[in-house]
Amino acid sequence: MKSTDSSKMTALRIALMAVLTATVVVFTLLVRVPTPIKGYISLCDVVITFSAFLFGPWVAAIAGGLGTGIADLIGGYAQWAPLSFVIHGAQGLLIAVIARSGIKTGVPGDANILKLVLAGVVGMVVMAGGYYIAGGVLYGFEAALVEIPLNLLQSGVGVVLGIAVSRAVLKAYPPVRSLSL
Amino acid sequence: MTTSTFVAGRGFLYIFDARAKLFTVLLLCVMVFLPIRQIGLWTLVAAAFLSAWYATDFKQALQPIKTILFLLVVMILFTPLTYRGGEVLVRLGEFPLVTKEALVNLNILVARFLGITYICTLYMWTTPMADINLALRWYGLSYHAALVLTLAFRFVPYIADSFRMIQDSHALRSATVADGERTGGRQRLADVMPTVTAALVVALKSIPHLAMSLEHRGLGRDTKRTSYRRLVAKGGLFTHLLVSVMIPTVFWLVFNTL
């Protein structure tokens with residue numbers, strides 16, 4: 001009986017990580033919001049924040065890291081894939097760890113809004129800072145400065161929408177709590 | 001939505017074993033950060049570009065430059081302004097606009113970035129995704145991690161199609177907004193919310209079904225029902241790995257500045 005429960009958990013965990021990874025890929029490549037400077041920001045951070053708030057650190061780290069890494073590979077930015085894996089993985093992990101701290105039952109998304117915002121801000125700093133360092137090593141710290149505002153905007157939108165969407169999904173699809181590991 | 005990055009072509013890179021090729025990519029990416037002559041860096045970029053041209057075609061070979069063009073322009077604009085030391089080449093009044101040291105640094109940064117971009121892109125173009133997964137397995141990626149990777153690739157088109165359908169149905173509902181009508185940033189984000197929520201719920205609903213399918217396929221049982229195929233290297237894996245070490249070593253011996 002014990003082994004059956006463990007295999008069920010393994011299957012559910014693998015399914016959860018695979019589907020959320022694919023969702024991060026789709027939200028990175030397909031879902032884009034135009035910005036005033038005629039550029040686009042992707043909504044991958046929304047799914048990363050959402051995964052962190054509903055499914056905890058490991059699922060968020062794998063889905064965020066692997067999803068953005070795959071999106072870089074498919075999108076023609078293969079050189080960024082390992083860096084995105086580490087940066088977005090750390091972003092998802094930290095958001096979930098901070099949001100979950102002190103919560104005994106339920107999902108990390110049940111925490112009060114201030115804690116969720118704090119977790120999101122830490123995620124923003126990790127993402128923008130991570131890409132600045134990675135960009136600095138790859139093509140110089142001066143040129144990498146240009147990307148900071150856009151990365152902060154993208155991750156900021158990710159936090160705002162991530163909080164809103166996780167609350168909306170908890171209401172629209174309550175069985176999601178049973179998927180939380 | 002196409003998830004494959006493989007580009008059908010010709011040449012040595014298509015025969016080169018995925019595991020040995022991955023090792024070469026890693027070594028070359030490390031090598032460009034070591035003390036190496038500028039001519040060496042540009043030789044590497046030229047070799048990678050010519051390999052891409054030979055393997056595919058000229059238009060395809062230019063693709064990586066197009067993807068990083070914006071960053072290259074930013075580098076060319078900003079890097080010279082931040083290096084003030086050295087011999088001044090261009091001056092704007094009292095302000096030294098371009099120095100020799102700045103140009104040397106810019107040259108190294110551009111060559112390094114182009115080199116890494118081409119090396120990584122060439123690997124993705126010349127190696128099928130399934131072989132990359134198998135190569136990672138050979139390097140120690142666990143069975144479960146490889147399964148997550150494979151399943152994620154399988155689910156991308158499904159979730160992308162679902163998202164487009166949801167987006168279309170929501171677009172039909174908001175027919176009150178005329179085409180081309182300008183909306184503010186907050187409004188744009190608010191418009192995205194219902195679509196994103198619905199798409200996430202659709203994705204989440206597929207998780208229990210997938211988990212059940214995995215269990216029925218025997219995941220977690222002692223007797224394995226499926227296994228990955230083995231990669232076969234023509235001429236032996238040792239030869240391929242030897243070549244993978246030789247390429248960066250020769251480059252290093254010829255162009256290092258030590």
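The C-alpha centres of domain 1 and domain 2 of chain B sit 37 Å apart. Those domains cover 12-128 + 234-255 for domain 1 and 142-175 + 182-216 for domain 2. Keep in mind that this is a predicted model. It scores ipTM 0.87 and pTM 0.85. For chain B, the mean pLDDT is 86, with 93% of its residues at 70 or more. A word of caution: where pLDDT is low, the predicted coordinates should not be read in detail.

**Chain B overall**

Chain B is built from nine helices and two strands. Read from the N terminus, its elements go α-α-α-α-β-β-α-α-α-α-α. Its radius of gyration comes out at 25 Å, well over the 18 Å that the globule rule gives for 258 residues, so chain B is more spread out than a compact globule. Along the principal axes, its C-alpha trace spans about 65 × 60 × 30 Å. Of the 258 residues in chain B, 31% are buried. What share of its contacts with a separation of 6 or more comes from residues 24 or more positions apart? In chain B that share is 78%.

**Chain A overall**

Chain A has eight helices and two strands. From the N terminus on, the order of its elements is α-β-β-α-α-α-α-α-α-α. Buried residues account for 56% of the 181 residues here. If you take the contacts in chain A between residues at least 6 apart in sequence, 68% of them join residues at least 24 apart.

**Where the chains meet**

The contact between the two takes 47 residues from chain A and 48 residues from chain B. On the chain A side, the elements that each supply at least two residues include α1 (2-29), α2 (44-55), α3 (57-75) and α5 (113-139). Which element gives the most to that side? That would be α1(A), with 17 residues. By residue type, the side of chain A that touches chain B divides into 37 nonpolar, eight polar and two charged.

Leaving aside neighbours within four places in sequence, B:Val74 is in contact with A:Ala143 and A:Val146. Is B:Val74 buried, partly exposed or exposed? With 19 other C-beta atoms within 10 Å, B:Val74 counts as partly exposed, since being buried takes 20 or more.

As a general point, nonpolar side chains in soluble globular proteins tend to be buried together. In this model, the largest nonpolar core has 120 residues, and those with the most contacts inside it are A:Ala15, A:Leu16, A:Ala18, A:Ala60 and B:Ala152. Helix α5 (residues 100-126) of chain B brings the largest share of this core, 15 residues. Domain 1 and domain 2 of chain B each put at least three residues into this core.

Apart from its neighbours within four places in sequence, A:Leu16 is in contact with A:Phe55, A:Val59, A:Leu179 and B:Ile207.

**A couple of exposed spots**

B:Arg230 lies in the loop between α8 (185-216) and α9 (237-255) of chain B. Why is B:Arg230 classed as exposed? Because B:Arg230 has 8 other C-beta atoms within 10 Å, and a residue with 12 or fewer is exposed.

Over in chain A, A:Leu114 is placed in helix α5. A:Leu114 is exposed too, with 8 other C-beta atoms within 10 Å.

| C-alpha pair | Separation in sequence | Distance in space |
|---|---|---|
| A:Leu114 and A:Ala99 | 15 residues | 9.6 Å |
| B:Val74 and B:Leu258 | 184 residues | 31 Å |

Notes: Residues numbered from 1 in each chain as written. Chains lettered and ligands numbered in written order. Predicted model: local features only at pLDDT ≥ 70, side-chain atom pairs only at ≥ 80, totals over all residues. Helix = DSSP H or I, 4+ residues; strand = E, 2+ residues; numbered from the N terminus. Rg over C-alpha atoms; globule rule 2.2 N^0.38 Å. Contact = placed C-beta atoms within 7 Å. Nonpolar A, V, L, I, M, F, W, Y, C, P; charged D, E, K, R; others polar. Core = buried A, V, L, I, M, F, W, Y, C linked by C-beta atoms within 7 Å. Domains from an automatic or database assignment. pLDDT = per-residue confidence, 0-100.
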